[in-house]
Amino acid sequence: MDGSVSTYFVRLEGNIFKDRELITHKKPVVDKEVLAKVNKIVSSGHSIYIVTSRSEDDYTDTLLKLYSAAVPFDKVLVGVPHGEMVVL
């Protein structure tokens with residue numbers, strides 16, 4: 001990197017949280033490797049946007065789960081369909 005700030009988009013289900021079925025678990029299992037990478041990105045001054053297919057109705061619950069797992073983030077984008085993400 002050239003020293004500029006970057007924005008990283010990180011999928012919540014099956015990435016930060018190992019379990020894709022977040023609604024069924026009160027405390028999802030955090031992937032510690034992914035969390036370590038996210039922490040390193042944040043400590044380097046970059047932004048983290050969490051991307052999830054969860055609905056707007058689950059927004060508050062999603063935030064609470066992220067806070068309780070000590071996952072750093074700048075924004076949470078809900079309602080993003082599963083599948084490949086392409087940024088142009």
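Q: Why is phenylalanine 9 called partly exposed?
A: In this predicted model, phenylalanine 9 has a relative accessible area of 41%; since buried means under 20% and exposed means over 50%, with partly exposed in between, phenylalanine 9 counts as partly exposed. The residue is found in strand E1, which covers residues 7-11.

Q: What makes the nonpolar surface patch of about 300 Å²?
A: The patch is made by Phe9, Met85 and Val87. Patch residues need over 30% relative accessible area, and phenylalanine 9, at 41%, has that.

Q: Why does threonine 62 count as buried?
A: Its relative accessibility is 1%, and because buried means under 20% relative accessible area, threonine 62 counts as buried. Threonine 62 is found in helix H2 and touches Leu12, Arg54 and Val76, leaving aside residues up to four places away in sequence.

Q: What makes the pairing of threonine 62 with the backbone oxygen of aspartate 58 a polar contact?
A: A polar atom of the threonine 62 side chain lies 2.8 Å from the backbone oxygen of aspartate 58, and the cut-off for such a pair is within 3.5 Å.

Q: How do you know that the buried residues of H2 line one face of the helix?
A: Thr62, Leu63, Lys65 and Leu66 are buried in helix H2, residues 59-68; seen down the helix axis, these buried residues fall within an arc of 165°, so they line one face. They pack against strand E2 (47-51) and strand E3 (75-77), whereas the face turned away from the buried side carries the exposed residues Thr60, Leu64, Tyr67 and Ser68.

Note on methods
Residues numbered from 1 in each chain as written. Predicted model: local features only at pLDDT ≥ 70, side-chain atom pairs only at ≥ 80, totals over all residues. Heavy atoms only, no water. Buried < 20%, exposed > 50% of the residue type's maximum accessible area, 1.4 Å probe, protein only. Helix = DSSP H or I, 4+ residues; strand = E, 2+ residues; numbered from the N terminus. Arc of directions from axis to C-beta. Contact = heavy atoms within 4.5 Å. Polar contact = N/O pair within 3.5 Å; in protein donor to acceptor, adjacent residues only side chain to side chain. Patch = residues over 30% accessible without salt bridge, like charges linked within 9 Å, V, L, I, M, F, W, Y side chains within 5 Å. Areas by Shrake-Rupley, 256 points an atom, 1.4 Å probe, with all protein chains shown as cover. Salt bridge = Lys/Arg side-chain N within 4 Å of Asp/Glu carboxyl O.
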